[in-house]
Amino acid sequence: MEVSICKSFILPLLTIVLFISLPQTATAANEAYTNFVKTKCNVTTYISLCQKTLIPYASSVKTNSTKLCKAALDVTIKGAKNTSTTVSTLKKQKGITRIEASIIKDCIEDVKDAVYELKQAVDAMGHLGDKDKEFQLANAKTYASSVITDADSCTDGFSGRKVNPTVKKMINSSMANITKLASNALALINHLY
């Protein structure tokens with residue numbers, strides 16, 4: 001009889017202890033993942049941007065540096081797509097000159113190239129387990145670096161041309177965002193191994 005009383009008392013007690021400890025364990029794990037992202041972001045040029053954009057991925061990245069690099073590339077792809085939308089909207093505004101329209105058209109192409117290159121970088125990161133790991137890593141670095149070149153190419157289109165300051169500011173701001181995100185992704189890839 002005493003054994004059944006003990007069993008009926010211990011089982012609920014163990015259940016309560018388990019439920020109390022689970023949230024603390026999950027919280028500790030999430031904090032560890034967040035700290036991992038914060039620490040990794042310290043190698044980037046734009047640390048606060050890195051943390052702001054990548055901490056939301058901490059629970060899926062956990063402590064996997066390759067997954068963090070892929071997340072950084074995905075964030076950059078989203079940023080580039082948003083930039084494409086912004087730049088495309090500018091092209092439709094009234095009062096855009098032929099020169100501005102030409103610059104905007106070139107910028108849209110540069111951003112499309114950037115999105116393609118970012119997808120190629122993500123693909124290369126997915127092959128780091130292959131025999132040609134160093135080759136794939138070099139490809140990822142090259143593609144991520146090319147994104148910065150694409151953004152610079154867009155803003156270089158303004159050089160020596162008379163352009164509406166508002167249009168120029170919007171495009172420069174959008175391209176700066178892509179450059180910062182790509183720079184952070186590249187820094188994380190460069191410090192992968």
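Visitor: Is C107 buried or exposed?
Guide: C107 counts as buried, at 0% relative accessibility; buried means under 20% relative accessible area, exposed over 50%, and partly exposed in between (1.4 Å probe, protein chains only). This is a predicted model, in which local features need pLDDT of at least 70 and side-chain atom pairs count only at pLDDT 80 or more, while totals for chains, interfaces and linings use all residues. Residues are numbered from 1 along each chain as its sequence is written, and side-chain values use heavy atoms, with hydrogens and water left out.

Visitor: Which residue does C107 form a disulfide with?
Guide: C107 is paired with C154, the sulfur atoms being 1.9 Å apart; a disulfide here is a pair of cysteine sulfur atoms within 2.5 Å. C154 is buried as well, with a relative accessible area of 2%. The link of C107 and C154 is right-handed, with 90 degrees about the S-S bond. C107 lies in helix 5 and C154 in helix 6, so the pair ties together parts that are 47 residues apart in sequence. Helices (H or I, at least four residues) are DSSP runs, numbered from the N terminus.

Visitor: How many disulfides are there in the structure?
Guide: The structure holds two. C41 is joined to C50, with an S to S distance of 2.0 Å, and that link is left-handed, at -70 degrees about the S-S bond.

Visitor: Turning to the core, which residues touch the most other members?
Guide: In the largest nonpolar core, which has 51 residues, they are L54, L73, M125, I171, M175 and I189. Such a core is a set of buried Ala, Val, Leu, Ile, Met, Phe, Trp, Tyr and Cys residues joined through side-chain atoms within 4.5 Å. The largest share of this core, 11 residues, comes from helix 5.

Visitor: What does M175 touch?
Guide: Not counting residues up to four places away in sequence, M175 touches T83, V87, C107, V111, A151, C154 and T155, where contact means heavy atoms within 4.5 Å.

Methods:
Helices (H or I, at least four residues) and strands (E, at least two) are DSSP runs, numbered from the N terminus.
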